[in-house]
Amino acid sequence: DQYFLALSTLEPRKNFKQLIDWMNRIWEMHPEYPDMVFVGRKGWKVDDILKDVPSNFVNKIHFTGFANENDISSLYSNSECFIFPSIYEGFGIPILESILAGKLPLCSNIPTSREILGDDYPYLFDLCNWNDFYTKLSTIIDKSSFYEKQKNYEIIKSKCLKKYDWEKSANEIINKIKKSSK
């Protein structure tokens, strides 16, 4: 079965309450759209998020809880789309994980997302604009634009792999430590 994926600790700044509201609006128009799967530990104020799951779509929303490292890659790669609706992030590791698993993420247009993906990334949505979210979600899952999305994916993946090279980052830190200890 196809599903949309959101992966993070369940807490207010992750904006899952709004995502649930927006998905309900979409399912009212397109009940055939995939289910929404939330993966992550329960965080603070989680009850505020969970209490607002509407009964008419409760069967389309799934909370799995914690997932181990081995399952995470599979969850990304088997999803129809990874959705990252955060209001605020320090750094968006799930965005990079999604790209490494072969999925273009649909992300809120916040500084963290722009830093990782670039200002011109086509699947950044305005947190205050449901129509923008809906349009970009529909575009990212549209099978007819596969080649365009594949080209976008290859460009983004290449850019991210160059920018976020763990070995390069570790060497830079080691060099800074060596300089400061002299």
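This is a predicted model: local features need pLDDT of at least 70, side-chain atom pairs count only at pLDDT 80 or more; totals for chains, interfaces and linings use all residues.
Residues are numbered from 1 along each chain as its sequence is written, and side-chain values use heavy atoms, with hydrogens and water left out.

Select residues 3-7, which form strand β1. Strands here are DSSP runs of E with at least two residues, and helices are runs of H or I with at least four, numbered from the N terminus. Five of the five residues in β1 are buried (under 20% relative accessible area; exposed is over 50%, partly exposed in between, with a 1.4 Å probe and protein chains only). Show the side chains: Tyr3, Leu5 and Leu7 point one way, Phe4 and Ala6 the other.

Look for Val37, the bridge partner of Leu5. Now trace the chain from β1 through helix α1 (residues 16-29) to β2: this β-α-β crossover is right-handed, meaning clockwise from the first strand over the helix to the second with the strands pointing away from the viewer.

Then bring in residues 81-84, strand β4, joined in parallel to β1 by two bridges. Here Cys81 stands opposite Phe4.

Finally, pick Thr9 in the loop between β1 and α1. Thr9 is partly exposed, at 33% relative accessible area. Its C-alpha atom is 4.7 Å from that of Gly40, 31 residues apart along the chain. Beyond neighbours within four places in sequence, Thr9 contacts Lys14, Phe16, Arg41, Lys42 and Gly43 (heavy atoms within 4.5 Å).

Note on methods. Two strands pair if DSSP finds at least two bridges between them.
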